[in-house]
Amino acid sequence: LHDALPILCKWYGLTLATPELCKLAIIASSLVKKSGSGGDVAASAYGGWVMYRAYNREWLKAEVEMIESSDSSLHELLQKKWPRFEVKRLKVGASLRLLVGWTGSPASSAELVGSVKAGVKSGVKSEASGTLSVNNIAKTYAKTYAKNYEDFCVQSEKCVQKIANALENGDFNELLSGFAQNRVLLKDLGEITGTLIETPKLTQLIEVANSAGLPSKTSGAGGGDCGIAIARAQDFDAVANRIKDEWQKSGIEALNLKVAEFDENRDSSLIEQRKDDHIKLACEQYKAHAESGFEQVRFIPNALPQLALSDVDTSVSVLGAAEKWDVPLYINAMTGGSKNGENINA
């Protein structure tokens, strides 16, 4: 999504700074993915290492509704200060490297977030649903439950700040402490909401990395999917190879990923590098000439002698009635933004 926005902005002659592009991408994403945090969009927009604090979903929903009713404008929304929302690019040196492991089990962030929300609501709701005979017990439970969730949010905020500071300072011991604290917090959250956040494979992934002295944690909402570890660059190859071997024994695949290097003076370098990484990863994981099913399709010619060539109209209206193209055209963003993409598009 973020890769497509600069192209559209260029088409319409718009010049947007990175913060505005990020907000625009989050608005578009929120209309499709209601429960997304926007963290992946922010990481794509800013590049490199970032600290992200999610926006207030209800506030943004109300603002978008105001735009739809013509009571506000998209320009005004982009210029506003969004409640809670914060994106900060972290200055992390080359002394730290990232390891990513894939458990082989896809996880839906929407379902996991929904499960946590349902757990919180059911806990608080129990206060109102208690009968007279158990009313005091229900009240005590609900208050404790709500307090535990509130404490999780507060402690999680502090933990994120601690990890961000450790990354910028290159403090490996603080990273170990921060990641361990994050793991405990997520475990407690899972228990109070009845949600499985750290699966057995994620546990194995983390403990393998921890046994090698590396800070490690679940990635995203947990429940499967990926886990990450941070290693020192000076001994990365030796440690990474050992961890990858241990992960493989547990059915965990080490992904060939790295944090994109960001050039302050050239945003396009980040996009080009990311596109090259996408192409490289696809070539490594998939066959170049894999069967897709389309090779079995054959079109039966159907001539139209009753129609003159001049009667054929291939034009199409795009983005409402604002633009009209002579022929329908679609550019896949996955192969745009890189010189290497030309070989695929050709």
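Tutor: R84 is found in the loop between α5 and β2 (86–89); helices (H or I, at least four residues) and strands (E, at least two) are DSSP runs numbered from the N terminus. This is a predicted model in which local features need pLDDT of at least 70 and side-chain atom pairs count only at pLDDT 80 or more, while totals for chains, interfaces and linings use all residues. Residues are numbered from 1 along each chain as its sequence is written, and side-chain values use heavy atoms, without hydrogens and water.

Student: How many salt bridges are found in the whole structure?

Tutor: Side chains of opposite charge can pair when their charged atoms come close. The criterion is a side-chain nitrogen of Lys or Arg within 4 Å of a carboxyl oxygen of Asp or Glu. The search finds seven. One of them joins E63 to K80, with the closest N and O atoms 2.8 Å apart. That pair links distant parts of the chain, since E63 is in helix α4 and K80 in the loop between α5 and β2, 17 residues apart. E63 is buried at 7%, whereas K80 is partly exposed at 30%.

Student: Which helices hold E207 and R183?

Tutor: E207 forms a salt bridge with R183, the closest N and O atoms being 3.6 Å apart. E207 lies in helix α9 and R183 in helix α8, so the pair ties together parts that are 24 residues apart in sequence. The salt bridge between E246 and K249 has an N to O distance of 3.3 Å. These two residues are three apart in helix α10 and therefore separated by about one helical turn. E246 is partly exposed at 33% and K249 exposed at 66%. Shared partners also join R53, E86 and E157 into one salt-bridge network.

Student: Which residues touch the most other members of the largest nonpolar core?

Tutor: Such a core is a set of buried Ala, Val, Leu, Ile, Met, Phe, Trp, Tyr and Cys residues joined through side-chain atoms within 4.5 Å. The largest has 39 residues, among which L99, L167, L175, L214, I230 and I243 touch the most other members. At least two core residues come from each of β3, α7 (135–169), α8 (172–193), α9 (200–211), β5 (226–232) and α10 (236–249). The greatest contribution, seven residues, is that of α8.

Student: Which residues form the nonpolar patch on the surface?

Tutor: Patches are made of residues with over 30% relative accessible area and no salt bridge, nonpolar side chains (Val, Leu, Ile, Met, Phe, Trp, Tyr) being joined within 5 Å and like charges within 9 Å. The nonpolar patch consists of L8, W11, Y12 and L14, with about 410 Å² of accessible area together. L14 is placed in the loop between α1 (4–11) and α2 (18–32), and it is partly exposed at 48%.

Terms used: Buried means under 20% relative accessible area, exposed over 50%, partly exposed in between (1.4 Å probe, protein chains only). Accessible areas come from the Shrake-Rupley method with a 1.4 Å probe; for residues, only the protein chains shown count as cover.
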